[in-house]
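Colleague: I would like a close look at a single part of this protein. Please keep the answer to what the coordinates show.

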Amino acid sequence: MAQSFHLLLLFFVNLICFSSQQDLSFVFDGFDHQYPTDNLYLDGLARIQNSDRLLQLTDVTTMGMGHAFFKRPFDFGSVSSQSVSFSTHFVCALVPKPGVPSGHGIAFVLSSSRDLREADQVGSLGLLNRSTDGSPSSHILAVELDTAQSAEFEDIDNNHVGIDVNSLHSVESASASYYSDIKRKKKSLKLLSGDPIQVWIGYKDSLLNVTLAPLRNQKPSKPLLSRSINLTEIFPDRKAFVGFSASTGTLISNQYILGWSFSRSGVLLRRLNISNLPTVPRFPKKTSPSLALLPLLIALLVLLALIGMAVLGGVYLYRRKKYAEVKEPWEKEYGPLRYSYKSLYKATRGFNRDGRLGKGGFGEVYKGTLPLLGDIAVKRLSHDAEQGITQFVAEVVTMGSLQHKNLVPLLGYCRRKGELLLVSKYMEGGSVDQYVFHDDKPALSWSQRIAILRDIASTLCYLHTGATQVVLHRDIKASNVMLNRNLQGFLGDFGMARFHDHGTNLSATAAVGTIGYMAPELTSNGTSTKTDVYAFGAFMLEVTCGRRPFDPEMAVEKRHLVKWVCECWKNGSLVDAIDTRLRGKFVPEEVEIVLKLGLRCTSIVPESRPNMEQVVQYINSHQKLPEFSPKFPGIGVSTQVLMGVPSLEITFSPVTSSVSPPSVSPSSADNSTFISHTIIYGDGR
Ligand SMILES: *[C@@H]1O[C@H](CO)[C@@H](O)[C@H](O)[C@H]1NC(C)=O
Ligand SMILES: *[C@@H]1O[C@H](CO)[C@@H](O)[C@H](O)[C@H]1NC(C)=O
Ligand SMILES: *[C@@H]1O[C@H](CO)[C@@H](O)[C@H](O)[C@H]1NC(C)=O
Ligand SMILES: *[C@@H]1O[C@H](CO)[C@@H](O)[C@H](O)[C@H]1NC(C)=O
């Protein structure tokens, strides 16, 4: 009857009922002014956070402890020990501090004294000290939620629940876990996680049960710990204060009680309103600077990665552009003869100026070294994309197949946008003009000169008649005749060479060449073998006389070599025209043949020029040069050019539009301009 009355009273008197001395029963659905928190005795670090509605047992103060006891003791009553019972349900949260060692834990305590301030500060959970530990006079029963493993108290791990009777050596302990009724198995639980944990402690019939579960779970049907305890033996006075105890020591953590319900009997135990419990404050994330900076760091890394990729991409594009080549399907068949721009770039050390062998209107020549071939010469020619490049490359490649001992071997080519590179063997001796016109090299002897002329004549003859196609060199001159180490002559520089089948002509080809070596009919009739013969004639004269076809420095009568040689002949002394550096050491008969042949070859009448086969016969004295006088028509006539510098390379428009003005590409930029190109008929007319 009294029981049911109390039940009724509990329903009508909200929350808390102190019906009698013996029936201590209370509930804290959070700790704030709605509840009579002044019924709690707090000491040490323990405090009630009204704003958070939390009972905080410890904070991050080291070597601290906190106690919270219900002010009135739990009176067992005078009845037999068997009838003593109590039941409690509380929710706690142990919040670790990121980055620091956290731990120790809390204990639910029944203690004869509510003043435990004399307890050891380290590792005692605020319960006992060295002198009281293990002493029956301590009168303490505790259920510890221990998050530090103490060797001294033989803890099983750093996440366990234990029952302590007057000692921190637990009489019973187990790793924190709970029985899941749904899964029908034990599940472990991390105490020091910051998550709220429900704890039920029941004592009845001398059996103490301890049960744990996460916040949202129902009370598990099986307790974690179940231990027979004689409560009246521990508390002979039959009364004890109930509450919580915790300490920090060296391991710190925020430890909270969120809600607490206690009753003498499990039946009367008020349920905690779980949804009304306060929330647990976490340590602000920014306490870990590395974590706070993480997004920034990631952004920075991403940025760096992007920059790196951009740089790599840029380098890739730059290299691609730097080494870019033009390659077309038809070039496949020339595969072996095609060089990569990269290899040539490297061979010439980036077309280093120190390795530059020469510079002309059609390009620059660089010395280089290829691993397998040794020294090479690379000529860079600029070309316009549309200008018959297919044919040109085909010719270049065919040139590679030409076989003559006095041809500078053409090794291959490379194409880029607007640029064509020809690779040939490097000739150690340099070019003939260096010996003939300049004093930087020793003068060639007559026997060396005639040998060179004979070799080049034979080479040109081969090009005109010996190859499968007619090959027109179109730029025969001293600077294009190369010498090897033994000063033997090689015809080189096919930068302007043209091919055509035997029996056809190339009248529609643009007139190209170097002034002084260009036959007058070039502008009207275009390139032919005869124009090569003309240039070879001029070459013969310059090698023999040791001067350029046109030399503005000289007296007017000597200025035009062709004219002057003819003059000398008319004056009865042809050998007067010879290079003075020979100092009279020459074979007069040979000189005479060469000079006369030179004049015949430079005749302005193409038909009166010999062909190269005949030239070879005459120059080798295999055949006698036909007699002719210096008054022979077309002989000794100079193509007068008004210009500042003799070596000027010009390109005429195709003869189909012969009236259009010639375009000029001077060999050096500061040259005076080309004014006109006229043919002046000499005295022989
Ligand atoms: C231990 O605690 C008891 C009371 O709880 C106190 O009287 C005693 O002085 C303490 N001893 C030490 C060493 O702190
Ligand atoms: C303790 O648990 C056992 C089963 O393990 C149960 O029989 C007993 O009733 C429980 N006692 C209390 C007080 O919960
Ligand atoms: C509990 O301890 C008290 C006092 O030591 C004793 O009288 C009582 O018989 C004990 N009860 C049980 C069940 O052992
Ligand atoms: C539990 O608390 C919530 C929120 O405060 C409230 O709405 C609800 O009525 C309470 N439930 C009980 C059974 O008191």
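Which backbone oxygen does the side chain of Arg-609 reach?

Modeller: The side chain of Arg-609 reaches the backbone oxygen of Ser-603, at 2.7 Å. This is a predicted model, and the distance is computed from it. Arg-609 counts as buried because its relative accessibility is 2%, and the cut-off for buried is under 20%.

The surroundings of Arg-609 can be listed, leaving aside neighbours within four places in sequence. Its contacts then include Arg-600, Cys-601, Ser-603 and Ile-604. Also among them are Ala-519, Pro-520 and Glu-521, as well as Lys-530, Thr-531, Val-533 and Tyr-534.

Helix 10 (529-545) and helix 13 also come up in the packing of helix 12: the buried residues of helix 12 pack against both, and against helix 11 (556-559). Helix 12 runs over residues 561-570 and is mostly covered, with seven of its 10 residues buried. The buried residues are Leu-561, Val-562, Trp-564, Val-565, Cys-566, Cys-568 and Trp-569. After helix 12 comes Gly-572, which has a positive phi, near 85°.

One annotated residue may be set beside this. An unreviewed UniProt entry carries the annotation "binding site" for Lys-379. Lys-379 belongs to strand 22 (residues 374-382) and is buried, because its relative accessible area is 14%. Apart from neighbours within four places in sequence, Lys-379 is in contact with Glu-364, Val-365, Leu-420, Leu-421, Leu-422 and Asp-493.

Notes:
Residues are numbered from 1 along each chain as its sequence is written. Chains are lettered from A and ligands numbered from 1 in the order in which they are written. This is a predicted model: local features need pLDDT of at least 70, side-chain atom pairs count only at pLDDT 80 or more; totals for chains, interfaces and linings use all residues. Side-chain values use heavy atoms; hydrogens and water are left out. Buried means under 20% relative accessible area, exposed over 50%, partly exposed in between (1.4 Å probe, protein chains only). A polar contact is a pair of N or O atoms within 3.5 Å; within protein, one must be able to donate a hydrogen and the other to accept it, and residues adjacent in sequence count only if both atoms are side-chain atoms. Contact means heavy atoms within 4.5 Å. Helices (H or I, at least four residues) and strands (E, at least two) are DSSP runs, numbered from the N terminus. UniProt positions are given in the numbering used here, feature names are shortened, and annotations may be inferred rather than shown by experiment.
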